[in-house]
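Thank you for making time for this.

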Amino acid sequence: MEMILNLDDADNSLTGMLSAMLTEIIWFAAGLLVVRFAMNFSTKGASQGVKSGKKADATPKADAGAKKCPAAKAICADAAAGRYKAVLASWRREKETGPMTVAALQAVVQALADLEPETLSEEILEHLSRHQQLVRPATLHALMESILSSSKPGLAATLAEAASASKLLAAGGVNGVPGDVFGQDPKTRELRLVSLAAQGKWSQVQDEMKEQSEEARGPSGAAAVRGFLRGNRSDLALQQIKGMQQDSLKIPP
């Protein structure tokens with residue numbers, strides 16, 4: 001009987017040891033993925049010119065009617081130098097004279113996020129509503145990316161929610177079809193998830209992911225990891241990756 005008990009104890013000990021080793025391996029693999037995400041996130045931020053005020057304009061159609069904006073160059077230069085008060089002074093002086101370029105608007109949202117965050121959504125959406133050529137998904141995406149690289153990344157979600165509530169009709173539409181509601185396209189929802197994660201809103205992020213299809217949850221999970229890392233919450237990023245592994249979700253590179 002004593003020998004049987006000893007064998008049982010040995011078996012339990014071995015099982016426990018293997019379980020502990022497997023757990024360590026899972027966490028180690030998840031940790032490597034967090035490092036990979038962090039490296040990709042840093043590289044992406046650098047390539048986009050984070051906080052430079054000189055981000056590449058991805059919306060040439062939106063800027064078509066704004067090329068003559070004389071304040072755009074000065075606004076971008078002031079933003080690149082960190083002169084956000086000068087950015088807002090130029091913005092307030094010139095915004096009624098015509099449409100701003102997207103690059104200038106990117107500089108403006110960073111300045112507003114830093115100095116007057118409570119007015120950001122209202123001021124930007126008012127300007128967009130006056131100039132229909134700016135009401136495009138790509139414009140909103142560019143502005144949200146700029147906010148995500150600012151001192152208050154959570155404002156990106158606020159802008160997305162305000163854009164959706166505005167009921168503006170996107171020029172060119174979300175998928176090239178005019179008439180789509182501004183702020184309700186998949187990319188905007190993904191960037192909103194990044195913003196929520198950057199604020200450490202774990203429960204809200206998980207609730208929104210549960211409502212998505214399995215196909216969409218992989219990219220959304222990656223967006224959440226990006227946001228957690230942006231908010232310096234590597235613990236939540238690691239937890240997110242582990243959950244994605246457990247659910248057998250594809251983790252994008």
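Let me start with a term: a residue is called buried when its relative accessible area is under 20%, and exposed when that area is over 50%. Please also keep in mind that what you see is a predicted model.

With that cut-off in hand, take Leu191, which sits in helix H9, residues 186-198. Its relative accessibility is 0%, and therefore Leu191 counts as buried. Leaving aside residues up to four places away in sequence, Leu191 is in contact with His141, Met144, Glu145, Leu148 and Arg226. There is also Ala156, which is 35 residues from Leu191 in sequence, while the two C-alpha atoms are 7.6 Å apart in space.

In general, two packed helices are described by the angle between their axes and the distance between the axes. Here H9 and helix H10, residues 202-210, pack at an angle of about 155 degrees, and their axes are 8 Å apart. Because of that angle, H9 is roughly antiparallel to H10. On the H9 side of the contact we find Arg192, Leu193, Leu196 and Ala197, and these meet Gln204, Val205, Glu208 and Met209 of H10.

Now to H10 itself, where Val205, Gln206 and Met209 are buried. Looking down the axis of H10, we see its buried residues fall within an arc of 95 degrees, so they line one face of the helix. Ser203 and Lys210, on the other side of H10, are exposed. And what lies over the buried face? The cover on the buried residues of H10 includes H9, H11 and H12.

As background, most residues other than glycine have a negative phi. Lys167, however, has a phi near 65 degrees, a positive value in a residue that is not glycine. Lys167 lies in the loop between helix H8, residues 155-166, and H9, and with a relative accessible area of 57% it is exposed. Asn232, again not a glycine, has a positive phi of about 60 degrees. Asn232 is found in the loop between helix H11, residues 214-230, and helix H12, residues 234-246, and at 70% relative accessibility Asn232 counts as exposed.

Definitions and conventions:
Residues are numbered from 1 along each chain as its sequence is written. This is a predicted model: local features need pLDDT of at least 70, side-chain atom pairs count only at pLDDT 80 or more; totals for chains, interfaces and linings use all residues. Side-chain values use heavy atoms; hydrogens and water are left out. Helices (H or I, at least four residues) and strands (E, at least two) are DSSP runs, numbered from the N terminus. Buried means under 20% relative accessible area, exposed over 50%, partly exposed in between (1.4 Å probe, protein chains only). Contact means heavy atoms within 4.5 Å. Axes are lines fitted to C-alpha atoms, for helices over the stretch in contact, and angles run from 0 to 180 degrees between N-to-C directions. Angles under 35 degrees count as roughly parallel, over 145 as roughly antiparallel, 65 to 115 as roughly perpendicular and the rest as oblique. The arc is that of the directions from the helix axis to the C-beta atoms.
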